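The following exercises are to be worked with the sequence and the model at hand. Each task is followed by a solution in steps.

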Amino acid sequence: MNRGKWYAFLVPTISVLIAFLVGSVIILLIGKNPLTAYVVMFQGAFGGSEQLADTIVKMTPLVLTGLAVGFGFRAGVFNIGAEGQMAMGALVGAIVAMSFGALPPVILIPLSIISGMLAGAFWASIAGFLKAFTGAHEVISTIMLNWIAINVTTFMVAGPLAVGTGTPKSPEVAEAAKLPIIFKVQAIELSIGIVIAVIAAIVMYVLIEKSTMGYELRGVGFNPYASEYGGINIKKNIIMIMAISGSLAGMAGIVDLLGVPPQRFLGELTGGRGFDGITIALIGRNNPIGIIFAALLISALRTGSNAMQIRAQIPNDIVHILQGIVIFLVAAERIVAALIEWKKREKVTA
Amino acid sequence: MNWLEAILAILVNPIFYQLTLLAATPLIFASLGGVFSEITGVVNIALEGIMLMAAFNSVVFTYLTGNAWFGVLMAVIIGVGFTWFHAWASIRWAANQIVSAAALIIIAQGVTGFLMIPIFGHPGQTDFIGRVSPVRLEFIREVPFVGRIFGSLSPFVYMAFIAVAVTWILLYRTPLGLRMRAVGENPEAADTLGISVRKIRYFGVLMSGAMASLAGAFLSTGELGRFIEMMTHGRGFIALAAMIIGNWNPVGALGASLLFGASEAMNLQLQSSTIITVSANVKPLFNVIPFIVTLVVVGGFVGKTRPPAASGVPYEKESKN
């Protein structure tokens with residue numbers, strides 16, 4: 001059977017379509033019109049330059065969390081802790097960005113981003129260390145680390161860093177740490193964050209597909225025992241995989257914080273975007289370029305569903321349901337593959 | 001020294017032990033759920049999502065009928081149906097079990113959030129709906145110390161301990177239990193002996209759904225009397241840790257659940273302790289105690305326990321195709 005390059009993306013595409021179909025049944029069940037709902041959703045995501053800019057702003061951290069999870073998947077670890085790594089990255093990066101306001105942007109911005117990445121890398125490598133040396137499964141340890149990170153950041157933002165009243169928030173970062181704006185549409189400022197995210201995706205692509213290190217990492221994911229026999233140090237590799245994955249999640253946190261007004265650590269900050277990375281990595285087939293498009297899709301769902309909530313009174317939690325269905329179908333891709341085969345056979349017999 | 005004093009004061013207070021039992025109860029049910037599924041060879045990290053669904057459904061049906069036990073029953077029935085999707089994907093379609101279970105968690109989050117407004121009119125949390133009344137043991141209430149622990153407890157606590165005993169007997173003293181363990185260790189051999197790997201695995205996964213549902217129903221209808229969005233708070237994953245530390249054995253899982261329950265009780269008591277004074281801002285930091293204890297214990301114990309050999313590996317007959 002000749003399955004071309006595009007076949008890999010056929011399963012996620014059909015999964016998304018099925019998810020929308022199930023979603024429309026759910027919308028019907030609460031007595032609303034799914035067609036209107038989806039039209040409102042589409043307009044909310046792409047209906048004008050402001051909406052489009054908003055979708056791209058929201059897409060930026062999602063590309064990075066998608067890369068974080070996708071990189072882990074490629075190397076055979078399930079980093080479900082992007083959420084916590086993102087929070088820690090944003091926290092540490094923000095502290096740096098608040099503290100060294102005297103530095104010029106050309107130094108302060110990279111410095112803040114790198115400290116955020118290191119914080120994410122450190123947080124993730126705790127799970128990597130535990131997996132390498134004690135065998136603790138990364139799913140459990142990263143979830144525990146998520147909860148610890150959430151409580152630590154809540155404490156920092158409500159306590160030592162707090163300013164003002166209302167939602168817990170840190171002070172704004174230094175002017176020099178704010179990401180330069182590419183263009184501005186009404187209230188939406190599109191910063192160079194999206195460029196950073198796309199560059200990260202390209203670097204990741206080259207790293208995984210073209211470098212020796214990428215070859216080793218894929219080997220560890222594919223068959224750890226054979227890799228060890230071939231002279232690859234698995235323990236070192238697992239910690240490094242987690243660290244790289246975590247650094248991307250940390251980058252998601254700090255790039256989002258520095259690029260989106262008000263440039264401060266606000267409330268819980270992550271808002272499930274670390275978990276979105278799982279959906280994005282799966283839809284993008286763990287391919288960095290695929291992940292960019294998957295992040296656009298999820299971001300559009302997010303902005304669109306907010307519009308749907310306001311204008312069509314459909315709770316935006318529907319996005320979680322849609323995402324869950326997509327993840328489920330991609331996990332059990334044979335369901336979708338069987339559907340495709342069945343359709344084909346039907347055509348042949350007809 | 002204040003801290004040591006505070007911890008000692010907590011340890012001699014019967015309330016600490018009562019809170020330990022209450023905090024351990026959902027973990028006991030859910031970790032038994034983990035055991036049921038994994039012992040037959042299917043990993044089920046969806047416990048968290050199944051619990052959330054059950055916490056929600058039990059409140060919904062208590063709200064609709066006014067009967068909390070009926071709410072619990074419906075939560076279990078729907079929870080088993082929900083878990084069936086994971087079973088079906090894992091057993092029939094050889095899905096990636098970790099990912100398909102993660103999907104269930106996200107769907108549970110979505111469904112419970114989505115239905116808050118249509119059913120209760122507002123998001124966040126429901127009003128007090130009603131709960132299963134506690135078991136009052138009058139003759140024990142008079143006994144000092146012990147009376148304060150066991151005098152008035154949720155029936156779920158007793159049910160959890162009974163469930164441990166029943167599960168242990170089922171797994172280690174009945175033919176069905178032997179088959180379940182055989183399927184989890186060596187499905188090929190079990191298949192050769194005429195055991196239906198498929199049926200046994202469905203049974204294991206669906207039982208795990210029932211157990212996780214009891215865990216979730218306890219959180220809302222058993223304890224609080226209301227549903228709060230995301231109220232499971234990572235307990236499904238702590239329960240998985242309890243299962244691992246307990247070496248996939250019901251009694252071991254019970255012990256680990258009690259340990260984690262105690263760490264949660266310690267957290268709660270430290271937050272309300274009058275011996276140490278901490279500002280309201282610092283209190284969230286105490287919430288990390290159960291998670292750190294879990295992380296450390298999991299890190300320290302794994303490798304010393306052993307999962308069922310075929311855990312997480314889809315089984316397909318060679319004759320297929």
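**Exercise 1. Determine how H11(A) packs against helix H13 (residues 318–331) of chain A.**

Step 1. In this predicted model, the axes of H11(A) and H13(A) are 10 Å apart and meet at an angle of about 45°. Axes are lines fitted to C-alpha atoms, for helices over the stretch in contact, and angles run from 0 to 180 degrees between N-to-C directions. Helices are DSSP runs of H or I with at least four residues, strands are runs of E with at least two, and both are numbered from the N terminus.

Step 2. That angle makes H11(A) oblique to H13(A). Angles under 35 degrees count as roughly parallel, over 145 as roughly antiparallel, 65 to 115 as roughly perpendicular, and the rest as oblique.

Step 3. The contact is made by Ile278(A), Thr279(A), Leu282(A) and Ile283(A) on H11(A), and by Gln323(A), Val326(A), Ile327(A) and Val330(A) on H13(A). Two residues are in contact if their C-beta atoms, placed from the backbone, lie within 7 Å. An α-helix has 3.6 residues a turn, so residues three or four places apart point the same way.

Step 4. H11(A) and H13(A) cross in a left-handed sense. A crossing is left-handed if the near helix is turned anticlockwise from the far one by less than a right angle, and right-handed if clockwise.

The numbering follows each chain from 1 as its sequence is written, with chains lettered from A and ligands numbered from 1 in the order in which they are written. As the model is predicted, local features need pLDDT of at least 70 and side-chain atom pairs count only at pLDDT 80 or more, while totals for chains, interfaces and linings use all residues.

**Exercise 2. Describe the packing of H11 (residues 273–283) and H12 (residues 288–312) of chain A.**

Step 1. The two axes come within 8 Å and cross at roughly 130°.

Step 2. H11(A) is therefore oblique to H12(A).

Step 3. From H11(A), the contact draws on Asp276(A), Thr279(A), Ile280(A), Ala281(A) and Ile283(A); from H12(A), on Ile291(A), Ala294(A), Ala295(A), Leu297(A) and Ile298(A).

Step 4. The crossing of H11(A) past H12(A) is right-handed.

**Exercise 3. Which elements of chain B give two or more residues to the side that touches chain A?**

Step 1. The contact takes 40 residues from chain B and 37 residues from chain A.

Step 2. The elements are helix H4 (68–92), helix H5 (97–120), H12, helix H14 (283–286) and H15 of chain B.

Step 3. H5(B) gives the most, with 14 residues.

**Exercise 4. Examine H15(B) and what its buried residues pack against.**

Step 1. At 1.5 Å a residue, the 14 residues of H15(B) (288–301) should span 20 Å, and the end C-alpha atoms are 20 Å apart, which agrees. The expected span is 1.5 Å times one less than the number of residues.

Step 2. The buried residues of H15(B) include Pro290(B), Phe291(B) and Leu295(B).

Step 3. They pack against H5 (105–134) and H6 (138–158) of chain A, together with H12 (235–245) and H13 (250–272) of chain B.

**Exercise 5. Is Glu264(B) buried or exposed?**

Step 1. Glu264(B) lies in H13(B).

Step 2. Glu264(B) is buried, because 23 other C-beta atoms lie within 10 Å.

Step 3. Leaving aside neighbours within four places in sequence, Glu264(B) is in contact with Ala23(B) and Pro290(B).

How values were computed:
A residue is buried if 20 or more other C-beta atoms lie within 10 Å of its own, exposed if 12 or fewer, and partly exposed in between; C-beta atoms are placed from the backbone.
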